[in-house]
Amino acid sequence: MSWALFNMEGFLFLLRWGHFLFGISWIGTLWYFNFAQGPFMNEVDAPVKSAVNAKLAPRTLWYFRWGAMGTLITGWLIILLRVSQGISLSSSWGATILTGALFGTLMWFNVWFVIWPRQKMIVAAAQGGPAVENAAAVARRAFLASRTNTLLSIPLLFLMGAASHLPISVDPSKVGLWIGLIVVFLVLAEINALKADKGPTIQPIEKVKGVIQSGLVLTAILYVLMEVIL
């Protein structure tokens, strides 16, 4: 008797399943932070904020950062396995999934090297550790990086679904140009997030409604550009 899981396609399925599980943990907590906890923290007094940072934040941040790590690892393993099976990155699937993977990689970087280090200091202070120097700037940089991830998560999910369920006509010779443009866009988006501690700014993504609308608009623009450029 042949078991469906005990072959290479079964292993690929398990990677996809793990990718879904980790992705739900990651994006779910990302949206929780931005759509629920963030507005709540703006409406409560200092003792409640301290309690949330000391007791609730460590739990949610654990699922947040390890969900990001698992999503990244399983996602790139899927891509490498598909390429080893002969699927070209210059195909519709390749161009779309690679675009999404680059979005996800930048988001993972923000989680582990921008958001988590700063949130770790805030949590430690709330638990009785040393006070955070330049606390407002530290919190703001983490906030803008988190908002940037929220913005990117909307087109990311579109790209993940489109890779297998929305074939796009692709000229293989133009995929390199497309990926180069995506890298430039992501670098600019990251620069915008990392300059957050230079002072207060007014950006649409700072509001919950604004980041959702901006994410939907970005998704539409990306799709149109893919159709035109590729």
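I started with R65, which is found in helix α2. Helices here are DSSP runs of H or I with at least four residues, strands are E runs of at least two, and both are numbered from the N terminus. I am working on a predicted model, where local features need pLDDT of at least 70, side-chain atom pairs count only at pLDDT 80 or more, and totals for chains, interfaces and linings use all residues. Residues are numbered from 1 along each chain as its sequence is written, and side-chain values use heavy atoms, with hydrogens and water left out.

**Entry: R65**

I asked which side chain of opposite charge is nearest to R65. It is E190, 17 Å away. R65 is buried and has no salt bridge. I take buried as under 20% relative accessible area, exposed as over 50%, and partly exposed as in between (1.4 Å probe, protein chains only). A salt bridge needs a side-chain nitrogen of Lys or Arg within 4 Å of a carboxyl oxygen of Asp or Glu. I then listed the contacts of R65, leaving aside neighbours within four places in sequence: V111, W112 and W116. Contact means heavy atoms within 4.5 Å.

**Entry: the salt bridge**

How many salt bridges does the structure hold? I found one. The side chains of R140 and E206 form it, at 3.0 Å from N to O. The pair links distant parts of the chain, 66 residues apart. R140 sits in helix α4 (residues 135-165), and E206 in the loop between α5 (175-194) and α6 (208-229). Side chains of opposite charge can pair when their charged atoms come close. I checked burial for both partners. R140 counts as buried because its relative accessibility is 18%. E206 is buried, with a relative accessible area of 18%.

**Entry: N134**

N134 lies in the loop between α3 (92-126) and α4. I looked up its backbone and found a positive phi of about 50°, although N134 is not a glycine. Most residues other than glycine have a negative phi. Is N134 buried or exposed? N134 counts as exposed, because its relative accessibility is 61%.

Q37 lies in helix α1 (residues 8-41). At 10% relative accessibility, I log Q37 as buried. Beyond four places in sequence, Q37 is in contact with Y32, V52 and L56.

I73 belongs to helix α2 (residues 46-84). I log I73 as partly exposed, at 44% relative accessibility. I73 and H19 stand 54 residues apart in sequence, yet their C-alpha atoms are 8.4 Å apart in space.

**Entry: the whole chain**

I counted six helices and zero strands. The pattern along the sequence reads α-α-α-α-α-α. The C-alpha trace spans about 55 × 50 × 25 Å along its principal axes.

Buried residues make up 44% of the 230 residues. Of the contacts with a separation of 6 or more, 84% are between residues 24 or more positions apart. The protein exposes about 12300 Å², and carbon and sulfur atoms supply 72% of that area. Accessible areas come from the Shrake-Rupley method with a 1.4 Å probe; for residues, only the protein chains shown count as cover.

Technical notes. Lys and Arg count as positive and Asp and Glu as negative; His and the chain ends are not counted.
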